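Biologist: I am new to this structure and would like to learn how its features are read. Could you take me through them slowly?

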Amino acid sequence: QVQLVESGGGLVQPGGSLRLSCAASGSIFRINDMGWYRQAPGKQRELVADITSGGRTNYARSARDRFTISRDNAKNTVYLQMNSLKPEDTAVYYCNADIIVTGYGRGNYWGQGTQVTVSS
């Protein structure tokens, strides 16, 4: 019914930048909150940032001042611009969205994840 497809991960040197994208597709009536989470090896999945349909944002302390979340409601897409990347930002990054699916109802959906590795 609904798919979230992430892109933009990869290997980057410390201090570098990456931009992640996540596009939702399917029988979408409306998308409420969208967000990015990450999970490093041996750690729990944690929130990086999220954004409401109206554009209000929320950031984890570790992401504040370095990362920027944004969305294009017309394209059902959320972005995460990551600057000044650090080795501790290395993780699999997951897109999440609260979606009302036509004829089905409200559900919480995850993307498949995209690897971000920060290393020299």
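Predicted model: local features only at pLDDT ≥ 70, side-chain atom pairs only at ≥ 80, totals over all residues.

Biologist: Where does Gly-103 lie, and is Gly-103 buried or exposed?

Modeller: Buried means under 20% relative accessible area, exposed over 50%, and partly exposed in between, with a 1.4 Å probe and protein chains only. Gly-103 sits in the loop between strand 9 and strand 10 (105–110), and because its relative accessibility is 86%, Gly-103 counts as exposed. Ser-27 is 76 residues away from Gly-103 in sequence, yet their C-alpha atoms are 8.3 Å apart in space.

Biologist: In which order do the strands of the open sheet come?

Modeller: Two strands pair if DSSP finds at least two bridges between them. Here the open sheet has four strands in the order 1-3-8-7, with antiparallel pairing. Strand 1 (2–7) and strand 7 (67–72) each have a single partner strand, so one side of each of these edge strands is left without a neighbour in the sheet. Strand 7 pairs with strand 8 (residues 77–82) in the antiparallel sense over six bridges, and Tyr-79 in strand 8 is the bridge partner of Ser-70.

Biologist: How many residues does the largest nonpolar core have?

Modeller: In soluble globular proteins, nonpolar side chains tend to be buried together. A nonpolar core is a set of buried Ala, Val, Leu, Ile, Met, Phe, Trp, Tyr and Cys residues joined through side-chain atoms within 4.5 Å. The largest one has 32 residues, and those with the most contacts inside it are Trp-36, Leu-80, Met-82, Tyr-93 and Ile-99. Strand 9 (91–101) is among the strands that each supply at least two residues of this core, and strand 9 gives the most, with six residues.

Biologist: Which cysteines form a disulfide?

Modeller: A disulfide is a covalent bond between the sulfur atoms of two cysteines, and the search counts a pair of cysteine sulfur atoms within 2.5 Å. Across the whole structure one disulfide is found: Cys-22 and Cys-95, with their sulfur atoms 2.1 Å apart. The torsion about their S-S bond is about -80°, so the disulfide is left-handed. This pair links distant parts of the chain, Cys-22 in strand 3 and Cys-95 in strand 9, 73 residues apart.

How values were computed
Residues numbered from 1 in each chain as written. Heavy atoms only, no water.
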